[in-house]
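Biologist: I have a new model on my screen and would like to learn how to read it. Could you walk me through it?

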Amino acid sequence: MKTRLLCAAATALALTTPAFADGHADPVRVGMITTLSGGGAGLGIDVRDGFMLAIEQSGAENVEVIIEDDQRRPDLAVQLSDRMIQAEDVDVMTGIIWSNLAMAVVPSAVNQGVFYLSPNAGPSQLAGRGCHENYFNVAWQNDNLHEAAGAHANAAGYSNTFILAPNYPAGQDALTGFKRLYEGELAGELFTELGATDYAAEIAQIRASGADSVFFFLPGGMGISFLKQYADSGVDLPVVGPAFSFDQGILQAVGDAALGVVNTSQWNKDIENETNAAFVESFEEAYGRLPSLYASQGFDTANLLLSALEVADPADADAFREALRAADFSSTRGDFSFNTNHHPVQDIYVREVIQEGDVFTNRIIGTALSDHGDVYAAECEM
C-alpha cells in the first residue's frame, strides 16, 4: 500500500503555517514505513494517524509524506526503504514499529545520508555502539519502560517475579531492562515465539513457579491473547508490565481482564500540559477514538520534524541535525530533550487500567523514574 500526501490544507484546529528554512523550494519528502496490516497493524495505524494529524494541524504546504505498509516483514521493509531512498529521493524516514525491522532498515538508511526519526522502535544496538548522528529516537530506548517496571516491582514489594517476552530484539531488551533495576529473585524467565497466540504452556509454568508476581512484554495481538488466557486460567498473581501490553487499542479488546493492572509509560492522556490536552481532543475528534501512546509518539515525531524544518533544510545536513538535536517543540509529554545518543531523557510514569463509561483506559498514579535516559549512551561515540 502506498499513500502520497502533499499536505496543503490544515484542519480546523490548525496552527500557523510554519516558515520553512530559507531557500527550500522542493517539498521535503518523508518516507514512512510502518505496519498497517496483519498482526500489530493497530500500532502502525496509530503512529501514522498521530504523525499526519500534526502535519495537517501545522498547515505545512511543503511536506510530502509517502506511506508504505511493511506487513511486519523485514525483507519487505528493506525493499521499501531502498526504493524510497534510491527512487523516491526521500530526505527523512520514519514509522517503523518493530525492532527487528528497525535493525534491518535504519543502519543502511542513515549511512546513505538519510535522517531517520524513530516514532517507536529503540533497540539497544542503535543506542550504544551502533548509534549514528542521523538517527533520532523520539519514543524511548527499548529498555526504559521495562526498567521503570522493575523499579515499580521493588516499590510494590514483589520479590519473586516471573518474567517473559517475545524472542526478538525488543523482547530481549525488555527482560534486560526489567532485571537492571529489579532487586528481587526471578521465579522464571522465558522467551516466547514472536507473534504467538497460544500461551497455555507459559501460563502453566507461571502457575507452577511459586512466583508472587508476573512481568510480561507482549505488544499488539500477543498481549491481547495472553491477558485473556491469563484471566481465564485462574492464576491470581499481580501483573506489571510496560504500556505496550496495556495500550488504548489493546485494552478495548481485553476488557475487564485488564482492570487494575499496573503498567509503565512515558505518556498518558491525563498528563497535564496544553499541548497534550489539545492533542487528545483533536485526535479523538479527527479519528473517533482515544489516542494511544503510539499516536502520541507519531504526533511528537512530526512536530520535531516541523520544528527542525523551520530552522534548516535537510540538504544542509549539519544544520538540520543541530535543529533536530535542539528538540525545540512542544511535546505531548511536557519536558523533552535528547541524550548524547539522540534518545529521549524523560519521566516514566506508573499507570493503572480503569474504566470510564464503556471505555477501558489508563490513569497516572505515580512516577517510576524521573529525567531518565538509557545506559547505552555511554557506549555511543558521536
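Modeller: Gladly! Let's begin with contacts. Of the contacts in the chain between residues at least 6 apart in sequence, 73% join residues at least 24 apart. Keep in mind that this is a predicted model.

Biologist: How does the radius of gyration of the chain agree with that of a compact globule?

Modeller: A compact globule with 382 residues would have a radius of gyration near 21 Å, and the chain has 20 Å, so the two agree. Along its principal axes, the C-alpha trace spans about 65 × 45 × 35 Å. Buried residues account for 58% of the 382.

Biologist: Which elements does the chain have, helices and strands?

Modeller: There are 12 helices and 14 strands in the chain.

Biologist: Which cysteines form a disulfide?

Modeller: A disulfide is called when two cysteine sulfur atoms lie within 2.5 Å. C131 and C380 form one, with their sulfur atoms 2.1 Å apart. This link ties distant parts of the chain, 249 residues apart: C131 sits in the loop between α4 (124–127) and β6 (135–137), and C380 in the segment after β14 (359–372). The link is right-handed, with 95 degrees about the S-S bond.

Biologist: Is C131 buried or exposed?

Modeller: C131 is buried, since its relative accessible area is 12% and the cut-off for buried is under 20%. C380 is buried too, with a relative accessible area of 12%.

Biologist: Where is the pLDDT below 50?

Modeller: The chain averages a pLDDT of 92, and 93% of the residues score at least 70. Over residues 6–18, however, the pLDDT is below 50. Where pLDDT is low, the predicted coordinates should not be read in detail.

Key. Residues are numbered from 1 along each chain as its sequence is written. This is a predicted model: local features need pLDDT of at least 70, side-chain atom pairs count only at pLDDT 80 or more; totals for chains, interfaces and linings use all residues. Side-chain values use heavy atoms; hydrogens and water are left out. pLDDT is the predictor's confidence in each residue, from 0 to 100. Contact means heavy atoms within 4.5 Å. Helices (H or I, at least four residues) and strands (E, at least two) are DSSP runs, numbered from the N terminus. Buried means under 20% relative accessible area, exposed over 50%, partly exposed in between (1.4 Å probe, protein chains only). The radius of gyration is taken over C-alpha atoms; the globule rule is 2.2 Å times the number of residues to the power 0.38.
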